[in-house]
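The following exercises concern the structure shown below. Each task is followed by a solution in steps.

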Amino acid sequence: MAETDLYLPVKRHLVAQGYEVKSEVLSCDVVGLRGGELPVIVELKLSLSLALLYQAVDRLTVTDHVYVAIARPKRGVTAEALKLC
């Protein structure tokens, strides 16, 4: 699986909520725009990591609505990792 394989499911999810979706906008993986609302940013990665969380925190300078999307891990994500998110 490639990171780009995560794009279409995330795009479909946002479009179903009325967003216009763009990819790779100013180094953000996915940006959702809807009316005059703040944008929604989604960072895509194959696994949860501190680097991904740092990247997501950095995006908070652009909008209050930042999400991460990771591939379903073979083993569950720990409760501690989810709490950190």
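**Exercise 1. State how many helices and strands the protein chain has, and give their order.**

Solution. Step 1: the protein chain holds three helices and four strands; helices (H or I, at least four residues) and strands (E, at least two) are DSSP runs, numbered from the N terminus. Step 2: read from the N terminus, the order is α-β-β-β-α-β-α.

The model is predicted: local features need pLDDT of at least 70, side-chain atom pairs count only at pLDDT 80 or more, and totals for chains, interfaces and linings use all residues. Residues are numbered from 1 along each chain as its sequence is written, and side-chain values use heavy atoms, with hydrogens and water left out.

**Exercise 2. Identify where confidence is lowest and highest in the protein chain.**

Solution. Step 1: the mean pLDDT (the predictor's confidence in each residue, from 0 to 100) is 91, and 100% of the residues reach 70 or more. Step 2: the lowest confidence falls in helix α3 (residues 79-84), with a mean of 78, and the highest in helix α1 (residues 7-16), at 97.

**Exercise 3. Compare the radius of gyration of the protein chain with that of a compact globule.**

Solution. Step 1: the radius is taken over C-alpha atoms, and the globule rule is 2.2 Å times the number of residues to the power 0.38. Step 2: for 85 residues the rule gives a value near 12 Å; the protein chain has 13 Å, which agrees. Step 3: along the principal axes, the C-alpha atoms fill a box of roughly 40 × 25 × 20 Å.

**Exercise 4. Is Arg59 buried or exposed, and which residue is its salt-bridge partner?**

Solution. Step 1: Arg59 is buried, since its relative accessibility is 9%. Step 2: the partner is Asp58, with the closest N and O atoms 3.3 Å apart. Step 3: Asp58 is partly exposed, at 44%.

Note on methods
A salt bridge is a side-chain nitrogen of Lys or Arg within 4 Å of a carboxyl oxygen of Asp or Glu. Buried means under 20% relative accessible area, exposed over 50%, partly exposed in between (1.4 Å probe, protein chains only).
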